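Here are a few exercises on how two parts of one chain meet. Keep the structure open while you work through them.

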Amino acid sequence: MSRLQLPPPSPGRRQLLKLGLGAGAASLLPLSSVFANTISTRARIVILGSGAAGLSMANRLSRRLSGATITVVEPSDLHNYQPGWTLVASGVWEAERTLKPNAQFLPTGVDWVKGQAAGINADLRRITLADSSTLEYDVLVVATGLQLNYQLIDGMSPKLVGRNGIGCVYASLDAAGRTRKAIDTWLAQGGGQGIFTSPQTAIKCAGAPIKMTFTTLSRIKAESTRERFDLDYFTGGGGMFSQPWINDFLKQRFDQENITRHHLQHLTAIDAGAKKAEFTSPNGDTEVRDYDFIHVVPPMSAPDFVKDSDLIAQEGAFKGEWLDTDIHTLQHNRYPEVFGIGDVIGAPINKTAASVKAQAPVVEANIVAYLQEKPLNARHNGYTSCPLITDIGKAMLVEFGYDNNMEFLPSFSFIDPKEESWSAWVLKDYLLQPAYYAMLEGRV
Amino acid sequence: MSFSLAGIFAVLSHAIQPFVALILIILAVLIAVQLVARLRSYRTKAHHCKPAMIVALLAGLSAVWWLPMLTHSQLGFVTSIVDWLALIAAALGVALLVWLVLHPLSYLVRGPR
Ligand SMILES: Cc1cc2nc3c(=O)[nH]c(=O)nc-3n(C[C@H](O)[C@H](O)[C@H](O)COP(=O)(O)OP(=O)(O)OC[C@H]3O[C@@H](n4cnc5c(N)ncnc54)[C@H](O)[C@@H]3O)c2cc1C
């Protein structure tokens, strides 16, 4: 079902857009050269979501396009700095440090529809909101992030986080705080079984389940009670991490630290009252384990309303689960006026704020090229980054991309991605959040 | 991933925000002491004060221990060359700052020497 085979919703609109383009248009070839020039257009641009990706795009496009109508659809007043949640759950940061009002980052001139998108009709180029009102677009940027599918774990609900020894750093800022309390309670018991999990699906910040394991271990060691705690790590994947060198490093480190690894076993059920967790292998075998503390990481996918739309991948590895985008141009594979950015897209890796930083200038350049009916030359190399905390106080700055077998792509030649260091920790603790806010403003 | 100069300034402008009050207080103390002392004929090279030098050195040395703690870390995790260079640079900064305050202050308190 190709958009190109269908009649456009409003004949002449595309022509009108093209005519509206001013003479200030930039040559799109070198990415760095496109930033300064503004182009004029009457395009109606709708951005779904004002998280890391949505705000970055709103700022970039509002600066780049004059005359365009840019609308951001976002229900929440507050912006969460999610990468800080692992530090909140580990007792390093206070929760308030991760919150800012969305309004602080939304540029003037951009319309903010404070509501939830409930449907996308890609053929009619129309968004339906939860209150049944509609929005039409010429260009759509899907930046809704992803959805946490707790319902796929029998007996699990985000409401359980913080009770019965259950933690989950992903659920929300509040849940990160409750996870911290659940860990505190477990540590105060002075011993017992801890289970850390990672699901069989792609997840945002694939390093977060590992970071939670290491920061909890760090706290146990600080109490000098390591021998009284048993730690197990269950992952639905065959490995620990997508970057091969880091994968080997982590396996070795887990073994050294006596954290038992269980691969290809994902959490399928939890009995909170009895503190029992069920894990299932790909062949259907199940194993039930007792725990005193469990860190639950649910399976993830694109939000339901995206899954129910024509924009979802219809074949291949991302079928039915993630937005169908070209992983290099970030344009939709079937609807050329649709672009995807952030966690929602189907890509081998890339569900990090660091990826958004690399994707945003590509999406900006390619939307401009699309409006000018020029080839889309800007390409995303799959850059992602994980400040992999290996202890409270040290980390590795792991940066890589999906080209060349997940080759390392270090930003700073003087920081070795294979080395644990205090500097990488200081970057995580003090500098990545400012870099994130500068990214939201479209300034990096 | 590379950063432009404007990008670096954008990041730094956010990074210093939580510390603006602290930075302003330190600068105010530094400028006030220097200014008052200089108005009373203090000259850096002409005045000698060993205790100010010793305290500044001790402050710098102790910073090697407390700076990592201030960042929720510990000296034991300062391992790479970059870590050590950064820590030494910061400790030197602390020592210099302490000396720049104490040296003119000793002139004001004890008079010219
Ligand atoms: C615990 C944790 C640790 C992390 N650590 C790191 C890290 O160390 N480094 C790193 O780079 N990244 C990290 N990340 C990942 C990073 O936060 C995400 O990759 C990033 O926020 C993705 O941006 P996004 O805009 O795609 O999604 P989000 O930032 O999640 O934003 C999506 C937005 O869409 C809105 N939305 C959702 N549905 C709708 C709808 N129907 N209608 C309208 N709006 C909607 C939401 O309200 C939200 O504001 C971490 C994430 C978590 C949870």
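**Exercise 1.** How many salt bridges does the rule find across the interface of domain 1 of chain A and domain 2 of chain A?

*Solution.* Bear in mind that this is a predicted model. Start with the domains: domain 1 of chain A comes in two pieces, 21–146 + 302–382, and domain 2 of chain A covers 150–299. Next, look for a Lys or Arg side-chain nitrogen within 4 Å of a carboxyl oxygen of Asp or Glu. A:Arg180 and A:Glu94 pair up that way, with their closest N and O atoms 3.9 Å apart. The tally across the interface is 1 salt bridge. Polar contacts are another count: 4 residue pairs between the two domains.

**Exercise 2.** Which helix gives the most to the side of domain 1 of chain A that touches domain 2 of chain A?

*Solution.* Go to helix α3 of chain A, residues 85–89, which puts in 4 residues. Then sort that side of domain 1 by class: you get 9 nonpolar, 7 polar and 3 charged residues.

**Exercise 3.** What area do domain 1 of chain A and domain 2 of chain A bury between them?

*Solution.* The C-alpha centres of the two domains sit 32 Å apart. For the contact, take 19 residues from domain 1 of chain A and 20 residues from domain 2 of chain A. Together the domains bury about 1,500 Å², with 64% of it on carbon and sulfur atoms.

Methods
Residues numbered from 1 in each chain as written. Chains lettered and ligands numbered in written order. Predicted model: local features only at pLDDT ≥ 70, side-chain atom pairs only at ≥ 80, totals over all residues. Heavy atoms only, no water. Domains from an automatic or database assignment. Contact = heavy atoms within 4.5 Å. Buried area = accessible area lost by both parts, 1.4 Å probe. Polar contact = N/O pair within 3.5 Å; in protein donor to acceptor, adjacent residues only side chain to side chain. Helix = DSSP H or I, 4+ residues; strand = E, 2+ residues; numbered from the N terminus. Nonpolar A, V, L, I, M, F, W, Y, C, P; charged D, E, K, R; others polar.
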